[in-house]
Amino acid sequence: MAEAARKARVAILISGRGSNMAALIAASRADRSAYEVALVFSNVPDAPGLGIAADAGIPIASLDHRGRGGRAAFDAEVLSILRGHGIEYVALAGYMRLLSEPFVTAWEGRMLNIHPSLLPSFTGLDTYARAIAAGCRLAGCTVHFVTGELDGGPIVAQAAVPVRDDDTPATLADRILAEEHRLYPAALDALCAGRLRIAGQRVLGLAR
Ligand code: GRF
């Protein structure tokens, strides 16, 4: 029998509920997945997502960012935790921390984020309310490489949903979240399988 291909070791970084994390874990369990979730890390020790990960049998770690001597010192500690677990790729999934330059550089081309807008529109927070207020007929989500520019790295994948007349930020968020759960595992799998190539601001190779 052929030996199963080795899966890439991914860490997922979260700060909250972890629904994208759960979708990434579920997808990783397919035989043909190119990655395994080797660690879930949180800067919020009581983040609900940590419990979900532990219940799924995933190693977890947390470190409260408060009182750690600033962003650079905290990120250096996180980096050493990730290295200690032999992590090869990082997926940010609702990780509510700005990242220091050395951390970003350490994972250049190997760290993804999911953002709930069709980038480059609506970087930052309150994306749903801003898309509705701007009169957008489409909203959505984006998986992108992480660079030093907030929500500004090369785009890997996007999904769009219609904005309905009666949408509130909450109803729009729900519709987008369902797309996030489909989009993120596919993008991470493509990265870990070595299919993606960054060409300037473009990413090639997502489609099989
Ligand atoms: C999602 O809306 C994601 O797009 C954003 O943070 C939220 C995380 O939600 N980056 P969850 O913790 O994955 O449920």
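## Residue classes and model

Ala, Val, Leu, Ile, Met, Phe, Trp, Tyr, Cys and Pro count as nonpolar, Asp, Glu, Lys and Arg as charged, and the others, Gly among them, as polar. On that basis, the shell around the ligand holds 3 nonpolar, 5 polar and 2 charged residues.

The model is predicted: local features need pLDDT of at least 70, side-chain atom pairs count only at pLDDT 80 or more, and totals for chains, interfaces and linings use all residues. Residues are numbered from 1 along each chain as its sequence is written, and side-chain values use heavy atoms, with hydrogens and water left out.

## The ligand shell

Which residues are around the ligand? They are Arg 17, Gly 18, Ser 19, Asn 20, Gly 94, Ile 114, His 115, Pro 116, Tyr 128 and Glu 180.

## Polar contacts and cover

The side chain of Arg 17 places an N or O atom 2.4 Å from a ligand oxygen. Gly 18 uses a backbone N or O atom, 2.9 Å from an oxygen of the ligand. Tyr 128 has a polar side-chain atom 3.4 Å from a ligand oxygen.

On its own, the ligand has 360 Å² of accessible area (Shrake-Rupley method, 1.4 Å probe). The protein covers 87% of that area. Two elements give two or more residues to the shell: α1 (19-28) and β5 (111-115). Helices (H or I, at least four residues) and strands (E, at least two) are DSSP runs, numbered from the N terminus.

Pro 120 sits in the loop between β5 and α5 (127-133). The peptide bond from Leu 119 to Pro 120 is cis, with omega near 10 degrees.

Phe 122 is in the loop between β5 and α5. Its phi is near 60 degrees, a positive value in a residue other than glycine. Asp 126 also has its place in that loop, and phi of Asp 126 is positive, near 55 degrees.

Notes: A residue is near a molecule or strand if one of its heavy atoms lies within 4 Å of it. A polar contact is a pair of N or O atoms within 3.5 Å; within protein, one must be able to donate a hydrogen and the other to accept it, and residues adjacent in sequence count only if both atoms are side-chain atoms.
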